[in-house]
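Subject: Structure handover

Hello,

Here is the structure for your files. My notes on it follow below the entry.

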Amino acid sequence: IRDSYNPVLELSVVVPIHNESMNIVRTIQELHDNVHVTHEIICVYDCDEDNTIPVIQELRTTYDNLRSVKNIIAAGPSGAIRTGILQSSAPYVLVVMADLCDDFSQISTMLSLVCKGPADIVSPSRYCKGGEQRLDNAAKAWLPRAAGLLLKFFCNIGTLDPTNSYKLYSKRVLDELRLSSTVSFSVTLEIVAKAHCLGYRIVEVPTVWK
């Protein structure tokens with residue numbers, strides 16, 4: 001567990017993985033092409049048999065900022081994200097998926113919003129004006145949208161897409177939160193809700209989610 005920031009690094013990228021051997025090469029390459037600050041990439045896996053691990057070991061011969069760590073909290077993406085956050089050592093933490101659903105071309109814009117203000121959390125949104133979700137599964141499409149609308153209406157949370165795990169956080173926000181989520185991707189909503197209650201600034205940007 002990292003106790004302090006690494007002054008050399010500007011960004012920690014956390015990637016929960018589960019048998020992503022077919023996608024991880026392109027994911028790491030696209031991160032390399034789109035992240036223009038010093039950074040580390042932390043891939044978090046649940047079990048030693050994950051077929052992504054040998055691919056990452058090979059990739060490390062090319063990308064010396066890449067490492068894999070085992071999920072130490074709870075099996076599944078919430079535990080993996082929390083483990084990655086604990087292992088991160090940069091002042092900003094970006095969570096991305098390994099299946100190429102996120103638009104990495106937005107990373108520089110997101111960083112400018114937290115580095116120069118006005119954001120503590122940047123939330124790419126599929127549901128704000130300009131956002132889009134390309135998905136055939138009807139339930140997966142409307143359930144997160146409904147949750148975002150309800151939270152926006154009743155709690156005035158600063159994003160219509162609080163459940164989207166593709167987010168950029170100031171590490172000082174994450175360090176203040178006591179996280180407990182272990183189910184599916186629920187930690188993402190937990191972070192946003194608790195940060196909102198503590199008065200941190202959440203800035204939404206439109207995204208196209210594939």
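**Helix α4 and its surroundings**

The buried residues of α4 pack against β1 (11-16), α1 (24-34), β4 (92-95), β5 (121-125), β7 (167-170) and β8 (202-206). Packing here rests on contact, meaning heavy atoms within 4.5 Å. Helices (H or I, at least four residues) and strands (E, at least two) are DSSP runs, numbered from the N terminus.

This is a predicted model, in which local features need pLDDT of at least 70 and side-chain atom pairs count only at pLDDT 80 or more, while totals for chains, interfaces and linings use all residues. Residues are numbered from 1 along each chain as its sequence is written, and side-chain values use heavy atoms, with hydrogens and water left out.

Helix α4 spans residues 107-115, and its buried residues are Ile107, Met110, Leu111, Leu113 and Val114. They lie on the same side of α4, because they cover an arc of only 160 degrees around the axis. That arc is taken over the directions from the helix axis to the C-beta atoms. Buried means under 20% relative accessible area, exposed over 50%, and partly exposed in between (1.4 Å probe, protein chains only).

After α4 comes Gly117, with a positive phi near 90 degrees. The peptide bond from Gly117 to Pro118 is cis, with omega near 10 degrees. Pro118 belongs to the loop between α4 and β5.

**The chain as a whole**

The chain has seven helices and nine strands. Of its 210 residues, 51% are buried. Among contacts with a separation of 6 or more, 77% are between residues 24 or more positions apart. The chain exposes about 10000 Å², and carbon and sulfur atoms supply 55% of that area. Accessible areas come from the Shrake-Rupley method with a 1.4 Å probe; for residues, only the protein chains shown count as cover.

**Helices α3 and α7**

Helix α3 is mostly covered, with nine of its eleven residues buried. Its cover includes β1, β2 (39-45), β3 (66-70), β4, α6 (171-176) and α7.

Arg82 is in α3. The Arg82 residue is buried yet has no salt bridge, and Glu190, the nearest side chain of opposite charge, is 5.9 Å away. A salt bridge is a side-chain nitrogen of Lys or Arg within 4 Å of a carboxyl oxygen of Asp or Glu. For charge, Lys and Arg count as positive and Asp and Glu as negative; His and the chain ends are not counted. Leaving aside neighbours within four places in sequence, the contacts of Arg82 are Ile73, Leu179, Ser180, Ser181, Thr182 and Val187.

Leu86 is also placed in α3 (residues 77-87), and is partly exposed at a relative accessible area of 33%. With Ile72 and Ile73, Leu86 forms a nonpolar surface patch of about 240 Å² of accessible area together. Patches are made of residues with over 30% relative accessible area and no salt bridge: like charges are joined within 9 Å, nonpolar side chains (Val, Leu, Ile, Met, Phe, Trp, Tyr) within 5 Å.

In α7 (residues 186-197) sits Ile191, which is buried at a relative accessible area of 0%. Not counting residues up to four places away in sequence, Ile191 touches Ile85, Ile121, Tyr169, Leu174, Leu177 and Leu179.

Asn19, in the loop between β1 and α1, has phi near 50 degrees and is partly exposed at 39% relative accessible area. Leu100, in the loop between β4 and α4, has phi near 70 degrees and is buried at 16%.

Regards
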